[in-house]
Amino acid sequence: MSFEPKIVGFLCNWCTYTGADLAGTSRMKYAPNVRVVRVMCSGRVDPTFVLKAFREGADGVLLGGCHPGDCHYQSGNMKTLRRIPLLKRLLKDMGIEEGRLRLEWISASEGERYQRVINEFVEQVRALGPLNLEVRKALPKKSQATA
Amino acid sequence: MSQAKLKVGVYWGASCGGCDVAFLDIHEKILDVIQVAEVKFWPCAMDFKYKDVEGYPDGYLDITLFNGAIRNSENEHVARLLRKKSKLMVAFGACAHMGGIPGLANFWSKKDIFASAYLESPSTENLQKIVPQVETKVPEGTLKIPELYENVRTLAQTIDVDYTVPGCPPNPEQIAIVLGAVASGKLPAKGAVVGASDKAMCEDCPRKKKELKFKKFQRRHLTHPDPEICFMEQGIVCLGAATRAGCGWRCIGSNMPCRGCYGPLPNVTDQGAKILAAIASHIDSEDPEEVERILDGIPDPAGYFYRFGLPLSLLHRRHLGDR
């Protein structure tokens with residue numbers, strides 16, 4: 001069976017999620033690999049969420065927010081703009097390719113851009129192949145201490 | 001009739017021995033401790049053998065303070081044995097709690113580590129390329145040594161743990177408090193982190209704080225930080241924002257930034273992710289290229305943010321892929 005990447009998408013309520021809605025209501029076709037989690041702002045996406053997504057088996061993580069300057073909360077997306085580069089560096093050190101994490105600014109009117117980004121990212125992750133983190137074998141969920 | 005003394009076990013897994021020394025750092029209070037406690041196993045300091053422990057009935061020890069991570073089959077075997085023989089099992093110190101410094105081995109594979117230690121290091125001359133084997137045949141029979149594991153694990157990732165005392169090493173004053181709590185029977189809920197605060201280091205940090213903005217990161221060994229002012233405001237990465245207080249400001253007070261040995265705050269799964277968010281959010285730029293330039297000032301983010309906590313972190317180890 002061919003590899004179908006599992007991708008978690010954290011989309012901001014005001015721009016990217018609405019953009020995804022537009023893509024849907026416009027009946028645009030795009031790859032079905034992204035599991036969308038709606039968040040109020042891309043700035044709400046704690047790096048923990050991204051690490052957890054990989055830990056739970058995601059092959060890629062997409063973050064969608066408003067274009068810089070358009071944040072509903074003024075500067076939430078600027079926090080994301082600063083965090084993602086550092087998170088990518090951390091992931092690289094942890095042996096996870098930078099290409100598995102993608103940050104995109106997609107506004108509510110950019111349904112087409114949403115379609116294009118999803119299709120591109122799915123192909124990008126497909127090319128990287130399954131992640132199969134070793135920790136998932138080394139530490140089955142039950143034994144992971146949360147303290 | 002005097003009250004029966006607490007039977008205490010102390011053991012070290014993959015650790016440096018600093019936790020064992022911390023017991024002695026309580027100085028003359030050790031005299032109070034031996035009023036209420038009797039050591040029944042402490043290989044670092046007293047002459048006990050594993051077979052002594054094997055001979056104890058199950059649940060014989062009132063409390064075992066286990067320091068060190070689980071890195072080889074001996075660590076795991078003794079951890080399981082002590083769990084059976086102890087009423088209370090305490091993960092004592094950063095290594096048992098989070099993997100600690102030995103946990104940094106999770107950035108490498110066992111093969112890398114063996115190659116570096118036995119074959120490639122500049123001071124090694126090993127022409128026959130001998131690396132330790134679990135079993136070695138000699139004329140007299142077969143010799144066995146413990147097997148080094150691929151991953152360093154925390155104690156709680158290996159056995160059931162009742163309490164955790166964080167720190168590298170734990171603040172000596174906390175040891176007396178822990179033993180006192182057990183002696184008095186006033187035990188916290190299972191799973192509690194004992195001997196530390198539920199607040200972040202920053203909360204009561206004595207250094208002056210104004211506004212946090214990073215234009216540039218500095219490395220501690222290349223600077224002379226002002227001892228009165230917040231490290232972060234001086235551009236030095238300090239883990240205080242994502243670390244439990246309770247250590248007694250040992251690093252901060254010596255003009256060193258917090259390294260995070262007391263571990264994540266309550267309800268936090270990943271200490272590194274939290275400090276990453278705290279630091280990156282305060283970079284003073286909105287230009288992606290400038291952000292990258294500023295971030296070049298943190299050459300090893302994973303190693304720095306997971307200095308003590310890699311095995312406890314969400315990713316647990318560096319992913320080696322098919323390598």
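**Architecture of a predicted two-chain model**

Gln74(A) counts as exposed because 10 C-beta neighbours lie inside 10 Å; a residue is termed exposed if 12 or fewer other C-beta atoms lie within 10 Å of its own, buried if there are 20 or more, and partly exposed in between, with C-beta atoms placed from the backbone. Gln74(A) is located in the loop between S3 and H3 of chain A, where helices (H or I, at least four residues) and strands (E, at least two) are DSSP runs numbered from the N terminus. Although Gln74(A) is not a glycine, its phi is positive, at about 70°. The model is a predicted one, in which local features need pLDDT of at least 70 and side-chain atom pairs count only at pLDDT 80 or more, whereas totals for chains, interfaces and linings use all residues. Residues are numbered from 1 along each chain as its sequence is written, and chains are lettered from A and ligands numbered from 1 in the order in which they are written.

In chain A, four strands form an open sheet with parallel pairing, in the order S2-S1-S3-S4; two strands pair if DSSP finds at least two bridges between them. Strand S2 (34-39) and strand S4 (101-105) of chain A are the edge strands, each of which pairs on one side only. On average, neighbouring strands of this sheet are turned by 20° against each other, direction ignored. Angles here run from 0 to 180 degrees between N-to-C directions, and axes are lines fitted to C-alpha atoms, for helices over the stretch in contact. Strand S3 (residues 60-65) of chain A is joined to S4(A) by five bridges, and the two run parallel. Within this pairing, Leu62(A) has Arg102(A) in S4(A) as its bridge partner. In a regular strand the side chains alternate between the two faces of the sheet.

Helix H1 (residues 16-25) of chain A lies across strand S1 (7-12), S2 and S3 of chain A, and runs at about 110° to S1(A). H1(A) is largely enclosed by the rest of the structure, because seven of its ten residues are buried. These buried residues are Thr16(A), Tyr17(A), Thr18(A), Gly19(A), Ala20(A), Leu22(A) and Ala23(A). The buried residues of H1(A) pack against S1, S2, S3 and helix H4 (111-128) of chain A; residues are in contact if their C-beta atoms, placed from the backbone, lie within 7 Å. Just after H1(A), Arg27(A) adopts a positive phi of about 55°.

The largest nonpolar core has 84 residues, and those with the most contacts inside it are Ile7(A), Phe54(A), Val61(A) and Leu276(B). Such a core is a set of buried Ala, Val, Leu, Ile, Met, Phe, Trp, Tyr and Cys residues joined through C-beta atoms within 7 Å. Residues up to four places away in sequence not being counted, Val61(A) touches Ile7(A), Val8(A), Val50(A), Ala53(A), Phe54(A), Arg100(A) and Leu101(A). A second, separate core comprises 48 residues, including Val8(B), Val78(B), Ala91(B) and Val182(B).

Between the chains, 32 residues of chain A are in contact with 34 residues of chain B. On the side of chain A that touches chain B, helix H2 (47-55), H3 and helix H5 (135-138) of chain A each supply at least two residues. H3(A) gives the most to this side, with eleven residues. The residues of this side of chain A divide into 18 nonpolar, five polar and nine charged; Ala, Val, Leu, Ile, Met, Phe, Trp, Tyr, Cys and Pro count as nonpolar, Asp, Glu, Lys and Arg as charged, and the others, Gly among them, as polar.

In helix H10 (residues 288-295) of chain B, the buried residues are Val291(B), Ile294(B) and Leu295(B). Seen down the axis of H10(B), these residues fall within an arc of 100° and therefore line one face of the helix, the arc being that of the directions from the helix axis to the C-beta atoms. The buried residues of H10(B) pack against helix H3 (76-93) of chain A, whereas the face turned away from the buried side carries the exposed residues Glu289(B) and Arg293(B).

Elsewhere in chain B, strand S6 (residues 135-138) and strand S7 (residues 141-144) pair in the antiparallel sense over four bridges. S6(B) and S7(B) form a hairpin with two residues between them, and Lys137(B) stands opposite Thr142(B) in S7(B). The peptide bond from Cys168(B) to Pro169(B) is cis, with omega near -10°; Pro169(B) is found in the loop between strand S9 (163-165) and helix H7 (172-184) of chain B.

Methods
Contact = placed C-beta atoms within 7 Å.
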